[in-house]
Structure formats: structure tokens, C-alpha cells
Amino acid sequence: MILRKLSLLRLTALMEKYTVSHRSGWSWMVPRFRKRGKSQELYKDRNIFGVPLLQNLRQSGQPLPQTILYAMRYLRKVGTDAVGIFRKPGVRSRIQQLKKQNESEPDSINYDDMMAYDVADMLKQYFRELPEPLMTAKLSETFINIFTSQMPKELRIPCMQAAIMLMPDENREVLQSLLLFLTDIAANSQENQMTAYNLAVCFAPSLFQLNVSGSATVGRSPQTPRRGGKLSPGKPDQKELLANVAANECMALMIREVKKLFMVPEELLAKYNFSYMDRGEAVLLEELGRKRGSTSGDYHSYLETCIQGLLKESREKFKGWVTCTPLDEVEVAYKKVGDGHPLRLWKCSAEIEGPPHDILQRVLRERHLWDEDLLKWRVVESLDNNSEVFQYVVNSMAPHPSRDYCVVRSWRTNLPKGACVLVSTSVEHDDAPLIGGVRGTVLASRFLIEPSGSGKSRLTYICRIDTKGRTTEWYNKAYGHIVAGLIGRIRTMYQHGADGPETKV
């Protein structure tokens, strides 16, 4: 959040200096991106096309649908030498069939043996049909102004870096994935004749949502009247042509300089001391109790304090929590923690048809069965019969780095009324070097499994995890949905279908 504010200051200073002044001046604020969007009911019958990035993030944990990522992977393999890829249209009937398959069978889509031009056209249509353009309604005009103003060429990339920092996390991550994909296509321009600029011409109208006559009409259909109430004429005026060319130039420069655009400038980082981060960073196992406020100062007492706090939390139910709308019969709530760290504490709870001991083993040893993003895992050190240092890596949407976590965790199965618990928190360990892309921080991870009669249990999961590189808005908008999805997948493991012939008793 601090980097976004610094980026805003930098962008404002440059734009005010090089933008032609007008009566109202160049005025801008940090985008909140909280405009009331369309109701989720409008998307309930869709899986892929026309679904907002945030909606997909909440459902799957990543903003781009897996089938769209598969399409990019397929085009990387077969489309790099296809002459005019993205410029030459596919066959309409086959494209419509592709879209139907994506909507009806997103988990079993297979692009093998399909025409590259059909898949490429479908990919363009996906971005064209997003409810809001990828560059966002707020920032599209800013990106275009960078190229229509008197901005020196050497300052365009710093301006674009600042503007990209102001994008919502899900839009920024999708933009980076798309640009790196297009960079790979452009790298083979000698074979496919698609340079960075040629690709920009194909994608800019969708990403900036330019209207048919070429001007940036963000969030507005081509038939929407202008201020005077007149429809846009068929022939674009000079301003519209300049905006169209600027969008193409902006997109082309993004493709060519994608590796620079998503790096935070060192001079920007040097302007602020991020001392508050020390409050959430992992410490050595030996220092865990002392640094986290334990009276005896060792990790055993700290973990025991976590367990007792979890049991107390279960007795108080949702006291002090802000409850949200249940997600697929999973109760969701959050609360703010007064320790200075900005992340919320999330709480999800659901009934599961299984005994506590069995569910604990699923959570403890079989994460790969319910967390589809899990890549690697290992026990670093066994501390005693009920405690260990554990390291795991979860995947992220390509090409973004995977997240690596090293935690100390402890579990109990001898609690009153047959309840079980598992508590975890991040630590540093000499035998757990980084094996993922980025080391995340588990501030709190608490599983409580209580028997609820008739062979059922109530699973409550309380967590606060810093995945690194995302704003608090990302966590507030999406993380509760992601956690609820994990609980839902654990519950699904215990749901048995009623298929097959009836049995007489």
C-alpha cells in the first residue's frame, strides 16, 4: 500500500509536468476499485467468458481460468510459427464450439489437434468479453495519456511502472501473464510475422476497450452516446485516431519491456523504511516464544498458548467477528487484529461427515488431496511426537512465483470431548532453504475439529497468511472465498454419492 502511494506521487508529478494543462488540471486519486459491480447472479450460469477476474479469483484462487492458461500454453507450443497468429481470424463455428466446451466442460478441455487460429481467436474474445477492460476503467485513459502527452520517451517506462502498481492485484497479475505470453509470440516474429506492434494492434482494442471508431471509451459500448447525446460518427476524429495509436504504442512497449515494467524501482524502495514488516516476519524456532510474547520464552509454551487460545475461541463462537454471507454452506467471518499488521484474521467453519481423528490426518498428512495448488512438501525436523518443522510450496498462476512456507506445527488428539487441533506459524530454519519463488509468512493457521454427533465433525479454520506482493484489498476481497474453498474441498472428500443399485435389507 505504501508503494502504491509512492507510485501515485511519482505518476502525478510526471503527468502534471508533461501533460498539456487544461481548465481543471490533471487531478487523480488512488483508485479504490470498489464500484458496485454487476450482481453475481448475472454470472452464475457462466464459468469462463464474461466472468470478472475477481469472481474467478474467488472461485479458483487465481484470476485467470485454468482453461485460458491451457490455451496460452498450447499456443506457445504450436502458434509461435503460425503466420499471422491473432491477426488471421479463426472459423466462427469452431470458435463457438470451443467457447461452449470451455463453459460446459472447463475441467476436461483439451486443445490438442485444434487449429491454432481458432484457439487464438477464442483467447482474444475472452479478453474482449471481460465486464471491465483489463487495463481498468480508471487507468486506461492514464496509460493512453502517457503516449499522447509531451512525456519524454525515457520517462514512459517509469510512468507505466507507477500506473501498473496502481492496478488491482488480479488485473496486474493477469496483465503480466498475458504480456509474457505475447513476448514469446513476438520473439518468433521472423516466422509468424507478428511483431510486438502487430500483436498490440490485435489486443489493444480489447484491453483498453476502444470503441469502433478508435477512442478510449472505457466501460461504454460502441453505441453509447457522447456528452452531446449524439452517436459516434463512423469516421473517427483526430483525437480518437491519436488515442488509438497511443493505445497500440503503449501495448507494444509493454510487450517489449515486460520484464522492466513489473520490477519496483530501487529508488522507490529506498524512499521508505518498511519497519512495520518486522512485526510479521518469521523468526528462528528458538526465538519464537520470546518474540511472540510467551512468558517462558520457548516454542513449546508458545504453541500451547495458541492451542488454548483456539479452544477459548471455540467457546466464544463468533463473538467479536464480522460475519459474511456463507459460501457454499461454509460459514465465513473476519476480524481485525490490533498488532499493527494490516491483514485480517479469517475464520471458516463447516460440518464434515467424518470423525475428528480422521479429518486431522487428512489435514496433517494429505494436503495434496485437498489443496490442488500444492507442489512440494516435506518434514524438515521432527521435534517430538506431536510437533515438527514443515515446509511446503504452493503453485501460483504462471508465470508468477510459487509461494514457499516453512512452519512449526503442533497437534493434539487428547482434548476434551474428543476434539483435535493443529496449530502452525512461520519460522526460520537452517535446514529449510527457499525452494519456491517467494517465502510467504504464516502469521496464524489454526485447525479445530470437534465432534458434532452421528459420526460428524465441525471443522473450524482460522488463518492469517501473508502471500507477499499483494495489497490488503486483495485479501479483503478474495481471501475469505479462497479459504472457504479449501474447507469445501476437505468436506467433499467425505461426501459419498448414492449411485448404484439399491440394496435390500
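Predicted model: local features only at pLDDT ≥ 70, side-chain atom pairs only at ≥ 80, totals over all residues.

At what angle do the axes of helix H3 and helix H8 cross? I looked it up: H3 (residues 66–78) and H8 (residues 169–186) have axes that come within 10 Å and cross at roughly 15°. Axes here are lines fitted to C-alpha atoms, for helices over the stretch in contact, with angles running from 0 to 180 degrees between N-to-C directions. Helices (H or I, at least four residues) and strands (E, at least two) are DSSP runs, numbered from the N terminus.

Residues are numbered from 1 along each chain as its sequence is written, and side-chain values use heavy atoms, with hydrogens and water left out.

**H3 and H8.** I then listed who meets whom, taking contact as heavy atoms within 4.5 Å. From H3 I got Met72, Leu75 and Arg76, and they meet Ser177, Leu178, Leu180, Phe181, Asp184 and Ile185 in H8. Sorted by class, that contact has six nonpolar, one polar and two charged residues. For the classes, Ala, Val, Leu, Ile, Met, Phe, Trp, Tyr, Cys and Pro count as nonpolar, Asp, Glu, Lys and Arg as charged, and the others, Gly among them, as polar.

**Thr425.** Is Thr425 buried or exposed? I found it buried, with a relative accessible area of 2% (buried means under 20%, exposed over 50%, partly exposed in between, with a 1.4 Å probe and protein chains only). Thr425 sits in strand S8 (residues 420–428). A polar atom of its side chain lies 3.3 Å from the backbone oxygen of Val442. Leaving out residues up to four places away in sequence, Thr425 touches Leu288, Tyr302, Cys406, Val407, Val408, Val442 and Leu443.

Asp113 is not a glycine, but its phi is positive, near 70°. I placed Asp113 in the loop between helix H4 (92–104) and helix H5 (116–128), and it counts as exposed at 80% relative accessibility. Ser454, also not a glycine, has a positive phi of about 55°. Ser454 is in the loop between strand S10 (441–453) and strand S11 (456–466), exposed at 78%.

**Whole protein.** I noted 18 helices and eleven strands, with 50% of the 505 residues counting as buried.

Conventions
Polar contact = N/O pair within 3.5 Å; in protein donor to acceptor, adjacent residues only side chain to side chain.
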